[in-house]
Structures are given as structure tokens and as C-alpha cells.
Amino acid sequence: MSKSTTQGYWLMKTEPEVFSIEDLRRAGTTLWEGVRNYQARNFMMNDMKVGDDVLVYHSNANPPGVAGLAKVSRLAVPDPTATQRRSPYFDPKASAEKPIWYCVEVRFAEAFPRLIALEQIRQRPELKDLLLLRRGMRLSIQPVTAKEFAALLALRSP
DNA sequence: GCCAACGTTGGC
DNA sequence: GCCAACGTTGGC
């Protein structure tokens, strides 16, 4: 895959106790630091474009679900935490010359009045193919189709 | 806290 | 390159 010219849609997981949609609201923008999985990194490095829509998903939460929306605001740059010795995301194999890890910047767009709960998503037939619902799916950054994005947004208000 | 499913590591 | 051991993810 490589960067296309069409609108892209993504789902990005975050643990709300670490960084929630409200944290993103306060920050305005943030580098999506700490991704240490090659497949997820490759999505950020190769495919995510400024203006792509991002569903912010709260994982390891009670209940888990999509908490809000963001937009990609900057193309991937080296993840600064990879070379910060005191960061929990420090990777001794990374260096300024060979950063290994990259991250995009995202900008807060909206926090949903109500979480779109995982359980609610499971019940929607039009979302049955969502990667998130696939058994054993742990990928922290996932592509979403335009139809799935629209179907998810339709669930955002009661 | 449990544990299934997955990714990574490292010995061979 | 195989694969067992280990660490992590994340729903429950």
C-alpha cells in the first residue's frame, strides 16, 4: 500500500487511563507515540495522510468502545520517545540515524456524547467485517472503510 | 486477575 | 529457518 489521494479512515486504539479522548481535547494535537508494532507503524509511515479521519477507540476500558474523532494533522515523523531513555517507550535499538519507530500527529475533532460501545458495534450487521471485531485482532491501528466509518458515525448519538 | 491469541526473541 | 519460550494485548 502507498499513500492514495482519497480520503482515508482509521481506527486508533488508546488506553484511556494512559491517554483518553479528553486528554486529546485538552492537548489539541498530539504525536501518536509509543506504537511498537511494525504493521501499525507501517500504516502511519506509508498510508496515513493529513486530513484522514481517525476513530479514537478506548481499549482496556470499561466499557471499551469508540470515544471520539480526530484527524491526521501531520505526516509520520520519527517517534521521539523511542530515543528517550526515560520513556516507557524507549527502544535501545532506535537512534537518530535509524529511528525505527514513527508516528503521525493527530488533532482533536470531537468527543462523542456517549461512547459507541464495542458491544453495540458487534450488534450491527453492517459492521460485521470491521477489523476490530475479528477474532484475535490486537492491531492498535486499523484501516476502516468509508462505509464502516459512516456506519459508526451513525451510532454516535442516541 | 484470568487467559486466549498473537508478536518477538533467540538457541539451534 | 524452525520453533519453544516469553511478553503483550485486551476483552471479560
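Tutor: Let us begin with the word "near": a residue is near a molecule or strand if one of its heavy atoms lies within 4 Å of it. By that criterion DNA strand C is surrounded by Lys13, Tyr57, Ser59, Asn60, Pro64, Leu118, Arg122 and Arg138. Sugar and phosphate make up 68% of the atoms of DNA strand C that come within 4 Å of the protein. This is a predicted model, in which local features need pLDDT of at least 70 and side-chain atom pairs count only at pLDDT 80 or more, while totals for chains, interfaces and linings use all residues. Residues are numbered from 1 along each chain as its sequence is written, chains are lettered from A and ligands numbered from 1 in the order in which they are written, and side-chain values use heavy atoms, with hydrogens and water left out.

Student: What makes the approach of Lys13 to a phosphate oxygen of DNA strand C a polar contact?

Tutor: A polar contact here is a pair of N or O atoms within 3.5 Å, and an N or O atom in the Lys13 side chain is 2.7 Å from a phosphate oxygen of DNA strand C.

Student: Why is Ser59 called buried?

Tutor: Buried means under 20% relative accessible area, with exposed over 50% and partly exposed in between, using a 1.4 Å probe and protein chains only. Ser59 has a relative accessible area of 15%, so the residue is classed as buried. Ser59 is found in the loop between β3 and β4, and, leaving aside residues up to four places away in sequence, touches Lys13, Thr14, Glu15 and Pro16, where contact means heavy atoms within 4.5 Å.

Student: Why is strand β1 described as largely enclosed by the rest of the structure?

Tutor: Strands are DSSP runs of E with at least two residues, numbered from the N terminus. In β1, residues 9–14, six of the six residues are buried, so the strand is largely enclosed. Tyr9, Leu11 and Lys13 on one side and Trp10, Met12 and Thr14 on the other are all buried, which covers both faces.

Student: How do you know that β1 and β3 pair?

Tutor: Two strands pair if DSSP finds at least two bridges between them; β1 and β3 (residues 53–58) have six, in the parallel sense. With β6 (residues 141–143), β1 has three bridges in the antiparallel sense. Leu11 has Leu55 as its bridge partner in β3 and Gln142 in β6.

Conventions
Helices (H or I, at least four residues) and strands (E, at least two) are DSSP runs, numbered from the N terminus. A polar contact is a pair of N or O atoms within 3.5 Å; within protein, one must be able to donate a hydrogen and the other to accept it, and residues adjacent in sequence count only if both atoms are side-chain atoms.
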